[in-house]
Amino acid sequence: MAQEITLFDLPSKPPNRSWSYNPWKTRIVLNYKSIPYKTHWIEFPDIAPHFESLGVPPNAQGTPYTVPTIHIPPSPSQPKGEYIVDSKAIAIALEAKYPDPPLHLDAPQLARAEELWGQALRALMGVFVPDVTRTLLTDRNKEYMKDRIDLKTVVGGDEAWEGAKPVIEAIGLLLKEKGGPFVMGETGKSYYIIFI
Ligand SMILES: N[C@@H](CCC(=O)N[C@@H](CS)C(=O)NCC(=O)O)C(=O)O
């Protein structure tokens, strides 16, 4: 039997669950396309050393090593297999290899949805990061996060929701543009657009 793809994902504290929206983007694509895969759970402090030791090239921008990363098993054309980092790069690669059912990556709404979703997450960081840290992270991941995000510098509560209002309204308009309930109208299986 052909080997499975490996998805690298962050564990939650027990009972272990997939909790982070970035790996979920890839997990949804794999599930949606019914691609067999297994999960390799990896904690924040282990991500960079693990991939560095395997010689995986770092991201060109931002944090050098991130999850989701996938490993595609060896094949005659790629005897060592292949590591792909970043949910968008992974989606593009999986769409090329498994085109059906489609992700609609060329839909005109995609770039706008990506931009708005990014803005919404940045505006609401002070709302979800403290709760995620408290309720979901393992102690090791909590320690790592403490050094990465100074929660005193991000706005939370009502002020954060007020700040996010314009972008949430813009997402509402985008959802209504084609009549809803999805950004592509009735095309409800375009998960990737919603989750990017
Ligand atoms: N644009 C990337 C973002 C991935 C990302 O930031 N992943 C986080 C976990 S949710 C990560 O691996 N961070 C590593 C670190 O902060 O050291 C994607 O969509 O894959």
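Predicted model: local features only at pLDDT ≥ 70, side-chain atom pairs only at ≥ 80, totals over all residues.
A polar contact is a pair of N or O atoms within 3.5 Å. For Val67 the backbone is involved, with one of its polar atoms 2.8 Å from a nitrogen atom of the ligand. The side chain of Lys25 has an N or O atom 3.4 Å from an oxygen atom of the ligand.

On its own the ligand has 520 Å² of accessible area, and the protein covers 78% of that area.

## The shell around the ligand

The ligand has 15 residues around it, and the nearest of these are Ser20, Val67, Ser87, Tyr144 and Arg148. By type, the shell is made up of seven nonpolar, five polar and three charged residues.

Lys25, which has the 3.4 Å pair with the ligand, is in α1. Tyr144, one of the residues that come nearest to the ligand, is in α6.

## How α1 packs on α3

Two packed helices are described by the angle between their axes and by the distance between those axes. For α1 and helix α3 (residues 87-97), the axes come within 9 Å and cross at roughly 10°. Angles under 35 degrees count as roughly parallel, and α1 and α3 are therefore roughly parallel to each other.

From α1, the residues that meet α3 are Asn22, Lys25, Thr26, Val29 and Leu30. Their partners in α3 are Ser87, Ile90 and Leu94. This contact of α1 with α3 holds four nonpolar residues, three polar and one charged.

## How α2 packs on α6

The axes of α2 and α6 come within 7 Å and cross at roughly 85°. Angles of 65 to 115 degrees count as roughly perpendicular, so α2 is roughly perpendicular to α6.

On the α2 side the contact is made by Phe44, Pro45 and Asp46, and on the α6 side by Arg140, Asn141, Tyr144 and Met145. Four of the residues in this contact of α2 with α6 are nonpolar, one is polar and two are charged.

## Backbone details in the loops

Most peptide bonds are trans, and most residues other than glycine have a negative phi. Where are the exceptions described here? Pro14 and Pro15 are joined by a cis peptide bond with omega about -5°. Pro15 is in the loop between β1 (5-9) and α1. The bond from Gly180 to Pro181 is also cis, with omega near 0°, and Pro181 is in the loop between α7 (157-177) and α8 (191-195).

Ser34 is not a glycine, yet it has a positive phi of about 55°. Ser34 is found in the loop between α1 and β2 (37-41).

Conventions:
Residues numbered from 1 in each chain as written. Heavy atoms only, no water. Near = heavy atom within 4 Å. Polar contact = N/O pair within 3.5 Å; in protein donor to acceptor, adjacent residues only side chain to side chain. Areas by Shrake-Rupley, 256 points an atom, 1.4 Å probe, with all protein chains shown as cover. Nonpolar A, V, L, I, M, F, W, Y, C, P; charged D, E, K, R; others polar. Axes fitted to C-alpha atoms, helices over the stretch in contact; angles between N-to-C directions. Helix = DSSP H or I, 4+ residues; strand = E, 2+ residues; numbered from the N terminus. Parallel < 35°, antiparallel > 145°, perpendicular 65-115°, else oblique. Contact = heavy atoms within 4.5 Å.
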